[in-house]
Amino acid sequence: MADVAQTDAVILKAAKAFESWRKVNPGDRAKLLRKFAALVDSHNEELAQLEVLNSGHTISNARWEAGNVRDVLNYYSAAPERLFGRQIPVPNGIDITFKEPLGVIGIIVPWNFPMPIAGWGFGPALAAGNTVVLKPAEVTPMTAIRLGELALEAGIPEGVFNVIAGKGSVVGDRFVTNPLVRKIVFTGSTTVGKGIMRGCADQVKRLTLELGGKSANIIFADADVEKAAANAPGAVFDNAGQDCCARSRLLVQSSVYDKFMENFEVAVKKFRCEDPSLDTAEMGPLITAKQLETVRGYVPENTKVAFQGSTPEGPGYWFPATVLEVTDVSERTYREEIFGPVVSVIRFEDEDDAVRIANDSEFGLSGSIWSRDIGRAVRVSRAVEAGNLSVNSNSSVRYWTPFGGYKQSGLGRELGPDALDAFTETKNVFFDTQL
Ligand code: NAD
């Protein structure tokens, strides 16, 4: 739990390291990132086990998460040699743009996906020639620290990639106020994100925000209803619902509502909530006693539930997969991000109704549309206000493609080729060639 002075010391170290890291020739920087990726790969099982112990993630998810860090590093290792500027035709001279690194990037990460979310920041940041100070969440520092060690082992020079554990209000806040940090990449709650945005305004500090969500899973009558129902538990209960992309609002067309719910009930009861270190586990416990209390606050004992999954006997912050039927959209459970395994199901009549209900939220991160009518799938995916939609799928994150939110779900995009713009400044230089 670092204090302000320790945080300043690490930021200063990163600022000094920037002077030499930005000058490392692009091919060598690429090789170092690939070496780092190879070490993350050869330590996949160790990192995954560490995450299971620290976060209660299922082992299969944790292996995917460590694999995602490897993939992101490999993907952005191609960037240093391809950070092209432009030559722009102008009168009386030559005009060239350069893509230049910003300096020290402060990355602040939540506890729900400690490895990938850190990697989405440090992968492109390092590739573009920046240095990094990374603050994991208070309760999940383990894999971040191990990734920092692996970066050093890969030969990334000391001071380039720094991990500093501590409180958000101390270390995270200092990233915002210390002028040597040139950009903040923040993933976390909308409330904290708004405070960080205000703080960054003082120095016009660059900022990427990935915030909360309350995403819609829309099932049309013309969908493969069995398939949609079989996939719906994973869409919301994965990581025990502690997922910013969780499809925690389920919108089902009236004419197939009963059929869908019958199939969904079978799928929820089959969804395996158990010791997360077992290969068969699909859902583990919640992260902390506090989070369990928060979820119980939304679903107290006397709540009328449609159906629930099971939880194992014995100690642990378990909460069952819970399905609520909703008629009043002003209910807290329907509007607020619960960040637990709770889904609200609501009926809709037609396409316009579905879009209206889906967009009736302050958030706009993800969502799914289930339909076999390609025209409808295109129309609805264009009309829903969210940054990451998938048709006949629950997938949200693909490292090749941009990820981020509309409305209060965030600002800017991570991943894909566009993320490099978020870690560079464009410099324009005009050369006068007149005699
Ligand atoms: P949180 O906002 O409480 O904390 C996130 C991080 O911010 C932590 O590292 C914390 O220490 C730090 N922090 C807290 N106060 C701070 C301050 N004043 N200044 C600087 N840093 C501060 O969020 P959480 O509870 O850890 O994570 C859950 C939230 O994250 C959910 O709302 C979820 O939707 C969101 N999330 C969003 C995405 C996305 O990509 N959009 C991904 C994962 C999680």
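## Second largest pocket

In this predicted model, the lining of the second largest pocket draws at least three residues from each of domain 1 (4-211 + 409-432) and domain 2 (216-391), the domain bounds coming from an automatic or database domain assignment. A pocket here is an open set of points on a 1 Å grid over the protein atoms alone, where a 1.4 Å probe fits and protein lies on both sides within 12 Å along at least five of seven lines, while lining residues have an atom within 4 Å of a point.

The second largest pocket has a volume of about 480 Å³, a volume being the space filled by probe spheres set on the points, which are joined across faces, edges and corners. Of its 19 lining residues, Trp64, Asp238, Asp243, Ser396 and Val397 are the closest to the centre.

## Largest pocket

The largest pocket holds about 1100 Å³ of space and is lined by 42 residues, with Pro110, Trp111, Gly188, Ser189 and Val192 nearest its centre. This lining, too, takes at least three residues from each of domain 1 (4-211 + 409-432) and domain 2 (216-391).

Helix H8 (190-201) is one of the elements that supply at least two residues of this lining, and H8 gives the most, with seven residues; helices (H or I, at least four residues) are DSSP runs numbered from the N terminus.

## Basis of the values

Residues are numbered from 1 along each chain as its sequence is written. Local features need pLDDT of at least 70, side-chain atom pairs count only at pLDDT 80 or more, totals for chains, interfaces and linings use all residues, and side-chain values use heavy atoms, leaving out hydrogens and water.
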